[in-house]
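Hi everyone, thanks for coming. Please have a look at the model on the screen, and then I'll walk you through two spots in it.

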Amino acid sequence: MSPAEASVLLPGDTIDPSHIPTHPKKALQLGPGLRHIPPSTILPTVAGQLVTDRRKNSLWVEYNGGRYVPSQGDLVIGQVHHGAADFYYVQLTPHTSNALLPVLAFEMATKKTRPQLANGQLVYARVSLANKHMDAELECVNPATGKADGLGPLTGGMLFTFSLGFARRLLMPKSTTDGGVVVLEELGNLGLGFEIAVGRNGKVWVNSEAVRSILVVGRALKETDDGHLDVDAQRKLVKKLIRETG
């Protein structure tokens, strides 16, 4: 994605056809903030920045307000609310219906070897089915390879909540250049060891052997999000946090 592929829209605005991606094999995927009106009209439903991902043949409106609405392909962090025979019911936000996570939607899972998830367990998952008339469905396995690819239960660490727009920036393939978020790279360059999982629903899980490192990462992300910090301000923030906690 490049700056030329983004534009600011208001609800009901006409979208420039040059911003609508095309792909010979992949169907166009509409993400949050857009509505399809048959046969071929696409209208924004919120004010924000139109973003095009030509690699995934997808289009969405970047905005910070509102509640998270699951979209197919989203990576999310959820909390197991309760389990049943065939599904775990997973809370993605306090304001949406629980998503369904099939007990067999894990790497190498069978009826005998399926993971036993306790209520309150955090999971990193992908939205496999999203329909406004049905509860969203999740998976913790890549259906093409049968591998987890980093998805599954999250153990230890701490969970932080950020704006939806900031989470989207963190999930960009080139989050430092396209998303303008450099705090994680800067912290790593200064020797801080940590692992992280980012959910499109505004949840970020951070883990490290040192609790101090978890808190530093969480604070750096929070101040970047709340303060809308640019790249230079983020670098100054990281140096200040390392100095204060070193």
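Predicted model: local features only at pLDDT ≥ 70, side-chain atom pairs only at ≥ 80, totals over all residues.

Residues are numbered from 1 along each chain as its sequence is written, and side-chain values use heavy atoms, with hydrogens and water left out.

So, helix H4, residues 231–245. Helices here are DSSP runs of H or I with at least four residues, strands are E runs of at least two, and both are numbered from the N terminus. Which residues of H4 are buried? They are Gln 234, Leu 237, Val 238 and Leu 241, with buried meaning under 20% relative accessible area and exposed over 50%, using a 1.4 Å probe and protein chains only. Down the axis of H4, the buried residues fall within an arc of 100°, so they line one face; that arc is taken from the directions from the helix axis to the C-beta atoms. Facing away from the buried side are the exposed Asp 232, Lys 236, Lys 239 and Arg 243. The cover over the buried residues includes helix H2 (183–189) and helix H3 (211–227), counting contact as heavy atoms within 4.5 Å.

Now the arginine. Arg 200 sits in the loop between strand E14 (195–198) and strand E15 (203–207). Why does Arg 200 count as buried? Because its relative accessibility is 3%. Beyond four places in sequence, its contacts include Glu 62, Asp 74 and Leu 164.

Note on methods:
Expected span 1.5 Å × (residues − 1).
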